[in-house]
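Hi,

Here's the structure I said I'd pass along.

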Amino acid sequence: MTTAVAAPFRFFSLHVVRTRRLGPSLVRVTFAGDELRYFFSEGRDQSLSLFLPHPGQREPQVPLELGDGWWQGWRELPDDVRAVMRSYTLRALRRDPDEIDIDFVLHTPAGPASRWAAQASAGDRVLLLGPAVADNRAIRFRPPQDTDLVVLWGDASALPAVSAILESLPAGQRVRAWLEVHDAGDIQDLPTEADAEVTWLIQDETRGEGSPMALAALREARLPHAERPYVWIAGESGCVKQLRRHFVGERGVDRRRVTFVGYWRQGLTEEQLRAQE
């Protein structure tokens with residue numbers, strides 16, 4: 001068994017079972033492994049850290065033998081040896097057999113994770129740092145019990161989280177969601193029992209970045225009356241901050257009822273982003 005990290009998270013040694021293209025810019029990779037029997041999550045926007053090998057490596061290089069010192073040891077490995085680490089959202093967890101799905105956005109030009117996902121095949125090995133406890137601090141979507149309207153916005157990087165959130169919501173829960181994707185072919189059917197209205201925004205129909213389009217769409221939107229709305233926003237950091245200001249400053253939503261998460265930042269790699277934290 002691989003070395004455990006401080007609970008409630010631990011490493012899981014996994015391999016690719018299959019891949020499926022969901023659209024021009026999206027691919028779903030299904031992983032399995034004996035250790036998934038110790039993986040527990042309530043889903044929603046469950047965050048994970050995925051460690052990928054470099055081209056030519058059989059498996060990602062992470063010094064698990066160092067126990068709690070793995071992080072420093074990993075950082076000290078040479079750049080062309082150290083496993084590529086990227087943050088993703090769990091799309092689905094299944095039992096019998098134990099499998100998880102992670103959806104990847106394919107970029108042009110491709111970064112190391114996008115390149116890996118586009119070429120992934122059965123048997124490819126990865127490491128996952130994920131939850132061993134179902135309700136853990138890497139789940140950010142937590143609407144108060146008195147919520148009478150859920151408002152969601154996400155770009156392509158947040159599509160798996162929004163999809164899982166919609167699946168988790170009960171019948172009758174009012175939801176208004178906006179999803180921004182790169183191509184009309186990336187639009188998906190999103191099953192939910194909630195009273196949900198989903199609006200898709202297509203980036204390739206605009207010039208420049210998605211943020212102005214997202215802000216314009218939300219400003220023009222007529223939300224149903226709600227006494228206790230809850231807002232969840234995730235995606236590119238700059239866009240997320242603009243939309244949070246819109247909901248708090250322009251719509252008067254209590255800032256304590258707004259969850260916002262920057263999954264990535266325009267012009268920066270995840271390594272550069274982490275270096276600024």
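Let's start with W232: leaving out residues up to four places away in sequence, W232 touches D45, F141, V151, L152, W153, A158, A161, V162, I165, T259 and Y263 (contact meaning heavy atoms within 4.5 Å). Before you read on, note that this is a predicted model, with local features needing pLDDT of at least 70, side-chain atom pairs counted only at pLDDT 80 or more, and totals for chains, interfaces and linings using all residues. Residues are numbered from 1 along each chain as its sequence is written, and side-chain values use heavy atoms, without hydrogens or water.

W232 also belongs to the largest nonpolar core, which has 26 residues; along with F141, L152 and V175, W232 touches the most other members. By core I mean buried Ala, Val, Leu, Ile, Met, Phe, Trp, Tyr and Cys residues joined through side-chain atoms within 4.5 Å, where buried is under 20% relative accessible area, exposed over 50% and partly exposed in between (1.4 Å probe, protein chains only). At least two residues each come from β7 (149-154), α3 (159-168), β8 (174-181), β9 (195-202) and β10 (229-236), and α3 gives the largest share, five. Helices (H or I, at least four residues) and strands (E, at least two) are DSSP runs, numbered from the N terminus. There's a second, separate core of 24 residues, L36, L106, A113 and A117 among them.

On the strand side, β4 (residues 84-94) pairs antiparallel with β3 (residues 47-52) over six bridges; pairing takes at least two DSSP bridges. L50 has R86 in β4 as its bridge partner. β4 also runs antiparallel to β5 (residues 99-105), joined by four bridges, with L90 opposite I102 in β5. β4 and β5 make a hairpin with four residues between them, and D96 in the turn has a positive phi of about 55 degrees.

Cheers
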